[in-house]
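Let's take a walk through this model together, going from helix packing to a few individual residues. Keep the viewer open as you read.

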Amino acid sequence: MAYDVLIVGAGYAGAVAARRLAEDGGKRVLVLERRPHVGGNAYDCPDAAGILIHQYGPHIFHTNDRRVFDYLSRFTQWRRYQHRVIANLPRDNPEAVPAGKKTGGRFFFPVPFNLDSLKNAFGPEEGERLGQKLLNAYPAQSQVTILELRQNSDPEIAAIADYVYEHVFVHYTMKQWGQTPEEIDPSTTARVPVRLSRDDRYFQDAYQGMPLHGYTPMFETMLDHPGITVETGVDALSRLELADGAIKLDGQVFAGPVIYTGQTDELFGFQFGPLPYRTLDFAYDTLKQDCFQTHGTVNYTVDGDFTRITEFKHLTGQEKPGVTTIMREYSKAYTGAEGEIPYYAIINPANNALYAKYKAQADQYPNLRLLGRLAEYKYYNMDAIAARALALSDELL
């Protein structure tokens, strides 16, 4: 069968583009996916205990983009879900609490840091006093950054910035990115927010929720179109040949658009060297209890060698008494070893310059379009990738 469009990858970027081009453009689209399933990193499935898990880490949908929300809503119903995250800190760590507040055990506060976090960290009365001081100092703002707090002439307000930096940001960031405090971009530190309210939602987007039956059924419905052929378990790079400005599929020149969502350095044989990424290891535990923690995500911002624990039943709303599955998440450098997945591009000037070399190679192929986190070496939320896919489809149509 002859195809008009070739798409490599069946995650958000590939699936949204495939459906739009097939349905609205009448294109015959071939989608090649290396994994044995569709959905990319948003793929979910039942584990051995029957708990619906996110195999590649927790994915929470949120967006302010009405077009993206409406488009995805064609392929799924939604479960109302407002994501909330708490930090779990050791109270017996002298660095973890203010002087005089050490009582043993652990304590929790909402993330991002807000007025309730102040009370949990400093005690009800002191937290209330400091919170009122913040509200008086910034009466017209819904949140304030660490930089703004540090620049305040009131030493108590400036000290709040140091507390948030130490207990919310710096240790967690060191674990997530494998950096020392000196290596962390100061501009990133400066933007860490403190909310001047009791709003403990992690996201404040207009549209938030979880696909009612899971992400995988949403992708399967999206790709279920007579104009779309999906082949899973296929390494597209073994079937593609790029040379002299032309792209060949299975030995034949493919003249239509080729939308590539994989690693661009891999596409060109790592000829300039591999692009650096962070990868993740996940450790799952199935427990014989109704629930393990109070929130879907609990961040371990100070101690522990993992960054967070996810309990999926909170995210999905699944009712399954007497059993639950949790997942500890460990961040480490991506080496390209078998089984490793490149999750996060490490954005800095040197890596951007390296990517620019690969992008220049890609630009030599007029029908090649790079789309998504890996192909563009950028961080995108799910809604942003869907928006990019719709915009590229608009252009191609």
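## Helices first, then loops

Helices H1 and H2 pack with their axes 12 Å apart, at an angle of about 75°. Here axes are lines fitted to C-alpha atoms, for helices over the stretch in contact, and angles run from 0 to 180 degrees between N-to-C directions. H1 and H2 are therefore roughly perpendicular to each other, a label for angles of 65 to 115 degrees; under 35 counts as roughly parallel, over 145 as roughly antiparallel and the rest as oblique. Helices (H or I, at least four residues) and strands (E, at least two) are DSSP runs, numbered from the N terminus.

A word on conventions: this is a predicted model, in which local features need pLDDT of at least 70 and side-chain atom pairs count only at pLDDT 80 or more, while totals for chains, interfaces and linings use all residues. Residues are numbered from 1 along each chain as its sequence is written, and side-chain values use heavy atoms, leaving out hydrogens and water.

Which residues bring H1 and H2 together? From H1 come Tyr12, Val16, Arg19, Arg20 and Glu23, and they meet Arg67, Tyr71 and Leu72 of H2; contact means heavy atoms within 4.5 Å. The residues of this contact of H1 with H2 divide into four nonpolar, no polar and four charged. In this scheme Ala, Val, Leu, Ile, Met, Phe, Trp, Tyr, Cys and Pro count as nonpolar, Asp, Glu, Lys and Arg as charged, and the others, Gly among them, as polar.

H1 also has helix H8 as a partner: their axes come within 9 Å and cross at roughly 35°. Tyr12, Ala15, Val16 and Arg19 in H1 touch Tyr215, Met218, Phe219, Thr221 and Met222 in H8. By class, the contact of H1 with H8 has seven nonpolar, one polar and one charged residues.

Now look at H2 itself, residues 66-73, whose buried residues are Val68, Phe69, Tyr71 and Leu72. Buried means under 20% relative accessible area, exposed over 50%, and partly exposed in between (1.4 Å probe, protein chains only). Seen down the axis of H2, these buried residues fall within an arc of 165°, so they line one face of the helix; the arc is that of the directions from the helix axis to the C-beta atoms. Their cover includes helix H1 (12-25), strand E11 (207-211), helix H8 (215-222) and helix H13 (382-396).

Helix H6 (residues 155-177) holds His167, which is buried at a relative accessible area of 5%. The His167 side chain reaches the backbone oxygen of Tyr163 at 2.8 Å.

Most residues other than glycine have a negative phi, and most peptide bonds are trans. The peptide bond from Val111 to Pro112, however, is cis, with omega near 0°, and Pro112 sits in the loop between strand E8 (106-111) and helix H3 (115-122). Asp244 is not a glycine, yet has a positive phi of about 55°; Asp244 is exposed, with a relative accessible area of 80%. Asp250 likewise has a positive phi of about 55°, and at 46% relative accessibility it counts as partly exposed.

Finally, find Asp305 in the loop between strand E18 (297-299) and strand E19 (308-311). Leaving aside neighbours within four places in sequence, Asp305 is in contact with Lys175 and Tyr330.

Technical notes: A polar contact is a pair of N or O atoms within 3.5 Å; within protein, one must be able to donate a hydrogen and the other to accept it, and residues adjacent in sequence count only if both atoms are side-chain atoms.
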